[in-house]
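Subject: Structure handover

Hi,

Here is the structure we talked about, with sequence. Please load it first, then read the notes below.

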Amino acid sequence: MSQTALPEDDYIIGASQQEILRLGQQHAIWRERALAGWRRAGLKPGMTVLDIGCGPGHASFDLAQLVGPAGKVIAVDQSALFLEAVNAGAKQRGLTNIETVKSDLGQLVLPDDCVDMIWSRWVLSFLAHPQGLFERLQTALKPGGRFIAHEYGHYETFGFSPADPVQDRFIEAVKKSWRTFGGEPNIAKQLPALCRRVGWTTEFMTPHIFTTRPGEMVWEWPVGWLKSDGIDRLVELGFLSAEDAERFHTVVQERTADPDSVLTTPMVIEVIARRKNGG
Ligand SMILES: C[S@@+](CC[C@H](N)C(=O)[O-])C[C@H]1O[C@@H](n2cnc3c(N)ncnc32)[C@H](O)[C@@H]1O
């Protein structure tokens with residue numbers, strides 16, 4: 001595969017059945033923090049929430065349950081495979097308040113003042129022109145409505161201790177791959193500026209990071225991804241050498257077998273911003 005071509009509705013990590021399972025495990029790990037964030041952002045029954053880059057809908061299902069039958073979730077993604085999973089999952093759960101929209105966020109247009117809240121998790125890092133999206137989200141969000149993001153803000157905190165030089169090369173390869181496809185791995189730090197330019201006020205920011213040890217639930221989230229696809233996809237796309245991939249697989253195995261090792265996860269930053277009343 002070349003460094004610049006991805007199928008039209010795919011993204012750098014790859015939309016697949018395996019990715020649906022990985023995103024489910026990831027949501028299970030992050031769910032508590034998402035719930036706390038939504039509470040901070042003032043999520044209430046009856047609200048309409050826009051879930052941008054919803055993936056297979058793990059957060060959309062929770063949001064739909066929380067806003068209840070009087071509320072609604074508009075779940076947007078470019079991947080037909082993921083949206084099928086949202087529709088199937090909603091049916092299985094008996095949820096009738098999720099509307100799926102297949103769209104590239106680069107082109108998404110919504111009616112004025114149609115949502116009370118916008119939820120964005122692990123998607124803005126993959127977009128080439130987030131400013132254009134924010135200009136379109138600004139008109140879709142009702143005056144006084146809130147935007148809440150859990151996006152990567154400092155990917156460089158990802159690493160094992162004891163450290164190995166190959167992990168720094170891996171982090172650089174991840175960042176380069178996302179940038180090559182137009183994204184920005186540490187997008188969260190740009191969010192106050194993106195929000196300010198459309199007239200929204202950033203009300204809250206906080207970092208989210210885990211430290212974890214072998215055998216713990218959280219360990220399996222990043223390590224499972226590294227073992228299954230995270231390393232090898234970078235080789236396939238031409239961002240990491242086969243030697244570095246082999247070395248990093250060995251490091252992952254060694255750290256997992258070492259009860260004294262520690263893993264810190266890539267820093268996510270929660271950002272809550274608000275559209276002015278009458279703004
Ligand atoms: C890492 S997943 C996160 C999914 C979900 N937000 C979650 O927290 O589980 C990134 C999602 O963004 C979607 N995506 C990436 N670029 C997109 C774009 N330009 N337009 C629409 N969706 C996009 C992918 O298809 C994928 O579902």
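I start with the ligand. The shell around it holds 12 nonpolar, 7 polar and 3 charged residues. Keep in mind that this is a predicted model.

Which residues come nearest to the ligand? Of the 22 around it, these are Gly53, Gly55, Gln78, Leu105 and Arg121. Two elements each give two or more residues to this shell: α1 (17-40) and α2 (58-67).

Next, helix α3. It runs over residues 80-93, 14 residues in total. From first C-alpha to last it reaches 20 Å, close to the 20 Å expected at 1.5 Å a residue. Its buried residues are Phe82, Leu83, Ala85, Val86 and Ala90. Down the axis of α3, these buried residues fall within an arc of 155°, so they line one face of the helix.

What covers the buried residues of α3? The cover includes α1, α2, β2 (72-77) and β3 (98-102). On the other side of α3, Ala80, Ala88, Lys91 and Gln92 are exposed. After the helix comes glycine 94. The phi of glycine 94 is positive, near 70°.

Now the strands. Strand β4 covers residues 115-121. How many of its residues are buried? The count is 7 of the 7, so β4 is largely enclosed by the rest of the structure.

β4 has these pairings:

- With β1 (residues 48-52), β4 pairs in the parallel sense over 4 bridges. Here aspartate 51 stands opposite tryptophan 119 in β4.
- With β5 (residues 141-154), β4 pairs in the parallel sense over 6 bridges. Here isoleucine 118 stands opposite phenylalanine 147 in β5.

There is also an open sheet of 3 strands. Its order is β6-β9-β8, and the pairing is antiparallel. Which strands lie at the edges? They are β6 (159-161) and β8 (211-212), each pairing on one side only. β6 and β9 (residues 262-264) pair in the antiparallel sense over 3 bridges. Serine 161 stands opposite valine 262 in β9.

To place the ligand against the rest: α1 and α2 give residues to its shell, and both are also among the elements that cover the buried residues of α3. Arg121, one of the residues that come nearest to the ligand, belongs to β4, which spans 115-121.

Best wishes

Methods: Residues are numbered from 1 along each chain as its sequence is written. This is a predicted model: local features need pLDDT of at least 70, side-chain atom pairs count only at pLDDT 80 or more; totals for chains, interfaces and linings use all residues. A residue is near a molecule or strand if its C-beta atom, placed from the backbone, lies within 6 Å of it. Ala, Val, Leu, Ile, Met, Phe, Trp, Tyr, Cys and Pro count as nonpolar, Asp, Glu, Lys and Arg as charged, and the others, Gly among them, as polar. The expected span of a helix is 1.5 Å times one less than its number of residues. A residue is buried if 20 or more other C-beta atoms lie within 10 Å of its own, exposed if 12 or fewer, and partly exposed in between; C-beta atoms are placed from the backbone. The arc is that of the directions from the helix axis to the C-beta atoms. Two residues are in contact if their C-beta atoms, placed from the backbone, lie within 7 Å. Two strands pair if DSSP finds at least two bridges between them.
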